[in-house]
Amino acid sequence: MTHNPFGQVLVALVTPFAADGEVDWDDVERLIDDVVTHGADGIVVSGTTGETSTLTDPEKIRLVEVAKAVAGDRAKVIQGGGSNETAHAMDLYKQAEQAGADGVMIVTPYYNKPTQAGILTHFRMIADATDLPVILYDIPGRAGIPIRYETLLRAAKHPNILAVKDAKGDLAEVSRVLNQTDLLYFSGDDANVLPHLAIGASGLIGVTANIAPKPYRTMIDAVNAGDLHTAQAQHKALEPLVRATMTHVPGTVATKYILHGLGRIGSPRVRLPLVGPEDTEAALIEDEIALVQGVDGLDLSRFRPDRNAAAGGALPKVHGTTR
C-alpha cells in the first residue's frame, strides 16, 4: 500500500469573501483553524469548492501560505484547482510548491475536451514539474470527460502520482483500480463517503466537512478500527446535512450560506457567475437543515440564515485571468 502523505479527512475549503467579493483573509484563517481543530488533517485550497475559476493566481498562492501558517504541523495543505492549459497549471503548481504546499490536486482538463492521451500527457507533465505528491481529480460532471480506467492504470506508473479524488461514482471501477494499482482513493462525493471507505478508499475530500469535520473524523477512525456500527451512525446523521449542502445549489453556495447562518464566516458572498440561493432554494436548504440531528460538533440552535446577505454574486476587483 502506498504511503499516504495527504491525510484522511481533507476539507475542500470554501474561500470566504467579504460582501464586495474580495477574499476575507481573517475569515480564511478562522475557518482553517476551526476545521483543523475539529478533526481535519488535510486542507485543499482553491479547488472547485474554493471557487478556483474566479481566483487569481496570487490569491491561490496566498491561500497556500495562509493555510500553512495556520495549520502548521496539524494538517497537510494541498493546492487544488489547476487549469485546462498545461503550461499554466505547471507554473501554478511550481509556485505552490515554493509557497509550502504539501501536495497538489490536478483536475481533468475541462472545456477543451482532450483525448485520453492528452489527459495523460497533461497529468504527466504537471507531475514532472513538481516534486510534490499528486492527487488526480476525476470529475466528469464538471470537466466534461472522465479519466478512463486504462488512463488511470498508466498514470499510476508515474512516481509522483499517488492518488485519485473520485467524483465519478463508479464504485466497481474504483475497486478495479484499487486491485491493479497502488493508488490511494479519496471520496469526492459527500453522499458516498462511507461506501467509498468500505471498498478501500483512503479518505475523503469533502465539502460538507467545512461545516462539520468532526463526524467525518469519527467515521474515518471507526472504519480504521473496523467499527462499522459507529461509521454507519455518522453516515446516517450526516445524510440530511449532505443533502442540504450538495443538492439544491452548487456546494460552494450552500456551504457559505450555512456557515454564514451559523456565524462562522462574515459573509456568504460568492463570485459571479455563482450567485446566492434564491428564496425557493434557500427554503429547501433550510428545510433540510431542520432535519439534521445528532451531528457531532454542530450546534444548529444558532442557525440564522440571511437570504438578503446571500443574494446575487460579486465581481472582484481583479479577475482570475490565466496569465
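Buried means under 20% relative accessible area, exposed over 50% and partly exposed in between, with a 1.4 Å probe and protein chains only. The model is predicted, so local features need pLDDT of at least 70 and side-chain atom pairs count only at pLDDT 80 or more, while totals for chains, interfaces and linings use all residues. Residues are numbered from 1 along each chain as its sequence is written, and side-chain values use heavy atoms, with hydrogens and water left out.

Select Phe6 and Phe186. Both are buried. A search of the whole structure gives one aromatic pair. Its ring centres are 6.0 Å apart and its planes stand at 85 degrees, so Phe6 and Phe186 are edge-to-face (Phe, Tyr and six-membered Trp rings pair with centres within 6.5 Å; planes under 30 degrees apart are stacked, over 60 edge-to-face, the rest tilted). Phe6 is in the segment before strand E1 (9-12) and Phe186 is in strand E7 (residues 184-187), so the pair ties together parts 180 residues apart in sequence (strands are DSSP runs of E, at least two residues; helices are H or I, at least four; both are numbered from the N terminus).

Next, select Trp25 and Arg62. Arg62 lies over the face of Trp25, 4.1 Å from the ring centre (NZ of Lys or CZ of Arg within 6 Å of the centre and within 35 degrees of the ring normal). Then go to Tyr149, where Arg176 lies over the ring face at 3.6 Å from the centre.

Last, select residues 116-129, helix H4, and look for contacts (heavy atoms within 4.5 Å) with helix H3. The H4 side of the contact is His122, Met125, Ile126 and Ala129, and the H3 side includes Tyr93 and Glu97.
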